[in-house]
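Colleague: I have a model open and would like to learn how to read its packing. Can we go through it feature by feature?

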Amino acid sequence: GYAAAGSLAYWLAGMTPFEAVNHAFAAVSTGGFSTRPASIGHWDSPLIEAASLPLMRLGNLSFVTAWHLWRGRWRTVARNGEVRLLAVVIPLSVAGLFLLTSRALYPQLDKSLRVALFEAVSALTTTGFSTVGYGDWNAFGVGLLIVLMLIGGGTCSTAGGLKQFRVHLLWRLLVWEG
């Protein structure tokens, strides 16, 4: 269902049907493979980036959390530690990337915000899509993306990394001990 909806969204946003299907499957599986060398950045399209973001997030969810989401069990999803961790990590990461990296590189406000949001979500979900090259990025931006990739995806998801559950558990233990 995710891939079908994603394919339709990509196609409506301007991709060819072939590219839409390929990118939808790559986003949901957090594989990040693109039909273009410049990845999602080839289109430089807010619509295509907007279609990618929920697909990457859905692919990042653990299978159990995705099942609860599919069944409409919103309270269970909202109480999930990984989901709550992302509710904190994504806004902080986007703010950090925007303020300390992308704002200086991309003078238009909308472009710098789009880059910060897309690159943070792509790194945290370990999807690997990109909208820009990182050659001009400062050490903070590159370092933050590496940390986000290390945190990785949801438990039992196809995403890589340490897994968000372990990071959430470590945080809970630190708070409990403190």
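Colleague: Which residues is Leu-148 in contact with, leaving aside its neighbours within four places in sequence?

Modeller: Contact means heavy atoms within 4.5 Å. By that rule Leu-148 meets Val-89, Ser-93, Ala-120, Ala-123 and Leu-124, with neighbours within four places in sequence left aside. A word on the source: this is a predicted model, where local features need pLDDT of at least 70, side-chain atom pairs count only at pLDDT 80 or more, and totals for chains, interfaces and linings use all residues. Residues are numbered from 1 along each chain as its sequence is written, and side-chain values use heavy atoms, with hydrogens and water left out.

Colleague: Which residues touch the most other members of the largest nonpolar core?

Modeller: General idea first. In soluble globular proteins, nonpolar side chains tend to be buried together. A nonpolar core is a set of buried Ala, Val, Leu, Ile, Met, Phe, Trp, Tyr and Cys residues joined through side-chain atoms within 4.5 Å. Buried means under 20% relative accessible area, exposed over 50%, partly exposed in between (1.4 Å probe, protein chains only). Here the largest core has 37 residues, and Tyr-10, Phe-129 and Leu-148 touch the most other members. At least two core residues come from each of H1 (2-13), H2, H3, H6 (81-105), H7 (109-124) and H8 (139-151).

Colleague: What counts as a helix?

Modeller: Helices are DSSP runs (H or I, at least four residues), numbered from the N terminus.

Colleague: At what angle do the axes of H2 and H3 cross?

Modeller: Axes are lines fitted to C-alpha atoms, for helices over the stretch in contact, and angles run from 0 to 180 degrees between N-to-C directions. The axes of H2 (residues 17-28) and H3 (residues 46-60) cross at roughly 40° and come within 7 Å. Ala-24, Ala-27 and Val-28 of H2 make the contact with Leu-55, Met-56 and Gly-59 of H3.

Colleague: Is Asn-60 buried or exposed?

Modeller: Asn-60 has 1% relative accessibility, so it counts as buried. Asn-60 is found in H3. Leaving aside neighbours within four places in sequence, its contacts include Thr-30, Leu-86, Gly-153 and Gln-164.

Colleague: Where is His-168 found?

Modeller: His-168 is in H9 (residues 164-177). At 12% relative accessibility, His-168 counts as buried. Not counting residues up to four places away in sequence, His-168 touches Gly-81, Arg-84 and Leu-85.
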